Amino acid sequence: MNIRNILAKVRKGAALSAGEIRTFSNGLADGSVSDVQAAAFSMAVCIHGLSEEERIGLTLSMRDSGEIRSWDLPGPVIDKHSTGGIGDNTSLILAPALAACGGFVPMVSGRGLGHTGGTLDKLESIPGYQAEVSTERFEQVVGGVGCAIIGAGKGIAPADKRLYAIRDFTGTVDSIDLITSSILSKKLAAGLQALVLDVKVGSGAFLSKFDEAQALAQSLVRVANGAGCRTMALLTDMNEPLAESVGNALEVKSALKILRNEPGEERLRKVSLALGSKLMASSGLAENERSAEKKLLESLATGRAAEIFGKMVTELGGPADLLEKSEKYLPKPKVILEYQAKSSGFITESDGRILGEALIELGGGRRKFDESLDHSVGLDRIVRLDSSVKAGDSLMRICAADENTARRVASLLDKAFVFSDQPMKSSELIMQTISYDQ
Ligand code: URA
């Protein structure tokens with residue numbers, strides 16, 4: 001099959017067969033499709049779109065372009081994926097909590113890029129944590145502990161790795177068809193039986209508009225189920241950070257709060273429980289969502305989830321006493337500056353994109369793939385939307401490497417908040433559930 005003929009068909013918007021799509025994906029992985037051809041393909045798909053069948057074909061063929069895991073474990077192999085937000089650290093809670101409830105979670109995660117954070121960056125604020133491990137080690141930790149959170153490495157979905165990089169250069173990232181296949185090819189390579197997706201909506205999300213996020217959620221759910229993985233999605237609010245802090249070590253701290261069953265972090269707890277309950281009910285780990293939530297709460301109350309998190313960290317190179325001595329291990333910022341309200345009133349907007357940009361400016365997030373991070377910096381004790389504040393009240397603490405950066409970030413933050421006389425009509429935290437039949 002000739003790549004030029006395949007491209008001519010995509011250009012006209014004609015349907016590609018599963019075989020043609022597979023040829024193209026194999027060519028991406030082995031280099032026989034050139035960068036120019038990959039760019040032409042992405043652009044044509046952006047313009048004409050793909051049918052559901054083609055999206056499933058692209059997902060499966062990109063999945064099959066690299067290593068695929070298969071498991072023989074005494075419980076369901078399950079995972080969750082978030083489309084990305086700020087202060088979004090549910091993975092750190094859910095992986096061990098689901099493992100404590102009998103699931104096995106081989107979580108392949110990414111690093112942050114742009115204003116949204118990445119799970120691996122958060123975990124790498126723990127000294128010694130190794131996110132890049134061999135397949136054998138990954139399998140050992142998942143089988144022995146119940147969960148492991150690692151990076152995708154070179155072996156997983158190399159066709160997607162190449163296409164994603166070319167999309168980044170050619171302004172073709174924003175295609176629901178391509179995003180769906182890209183996310184799912186990597187996730188499904190982990191050999192999952194069930195998956196739950198957290199599709200974020202709002203100023204701190206990859207997609208800020210509800211309709212767009214809903215369309216992505218529907219596409220992801222249909223394609224994942226069509227590819228043989230039982231999947232549902234929650235659309236959740238990202239008009240403010242999910243956790244009360246943004247930044248790598250700071251977000252590990254907020255996850256540890258929940259794992260230790262301490263009070264606070266109610267939004268983070270609520271979304272984690274909702275995602276976990278859906279996944280447990282759909283994978284057969286619980287009879288229904290209510291009993292799933294009970295089991296998850298028990299795993300937190302008994303300390304079992306915390307114990308599993310600690311074991312995972314130790315097995316992947318981190319300290320054995322992180323949970324007891326997190327203050328000793330997690331990096332601390334050199335400078336802390338209180339950021340004060342400029343006006344009085346109800347906070348009716350807390351622009352997530354600006355908070356994410358502030359983290360990049362502090363050195364805790366990246367604009368380019370290869371940038372290294374300062375894990376100690378971030379924003380802490382962030383005021384919640386709809387809080388009533390007086391001018392001069394603290395809206396958050398800026399945790400920085402030096403005074404100058406802290407002051408620069410403070411002036412960036414001046415544009416993040418809107419103050420009003422009236423409280424806002426706040427949006428629901430969990431906005432919608434998308435299951436296969438929708
Ligand atoms: N994340 C991915 O892995 N792929 C995309 O295309 C967009 C977000």
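1. Phe41 counts as buried, at 2% relative accessibility, where buried means under 20% relative accessible area, exposed over 50% and partly exposed in between (1.4 Å probe, protein chains only). Phe24 is likewise buried, at 1% relative accessibility. The model is predicted: local features need pLDDT of at least 70, side-chain atom pairs count only at pLDDT 80 or more, and totals for chains, interfaces and linings use all residues. Residues are numbered from 1 along each chain as its sequence is written, and side-chain values use heavy atoms, leaving out hydrogens and water.

2. The count of aromatic pairs is three; rings of Phe, Tyr and Trp (its six-membered ring) pair if their centres lie within 6.5 Å, with planes under 30 degrees apart counted as stacked, over 60 as edge-to-face and the rest as tilted. One of them is the stacked pair of Phe24 and Phe41, with 4.2 Å centre to centre and 25° between the planes. This pair links helix H2 (residues 18-30), which holds Phe24, to helix H3 (residues 35-48), which holds Phe41, across 17 residues. Helices (H or I, at least four residues) and strands (E, at least two) are DSSP runs, numbered from the N terminus.

3. Trp71 and Phe138 form an edge-to-face pair, 6.1 Å centre to centre with 75° between the planes. Trp71 lies in the loop between helix H4 (52-63) and strand E1 (78-82) and Phe138 in helix H7 (residues 135-145), so the pair ties together parts 67 residues apart in sequence. Both Trp71 and Phe138 are buried.

4. Zero disulfides are counted, a disulfide being a pair of cysteine sulfur atoms within 2.5 Å. Cys147 is in no disulfide, the nearest cysteine sulfur, that of Cys101, being 12 Å away. The sulfur of Cys229 is too far for a bond, because the closest cysteine sulfur, in Cys147, is 18 Å away.
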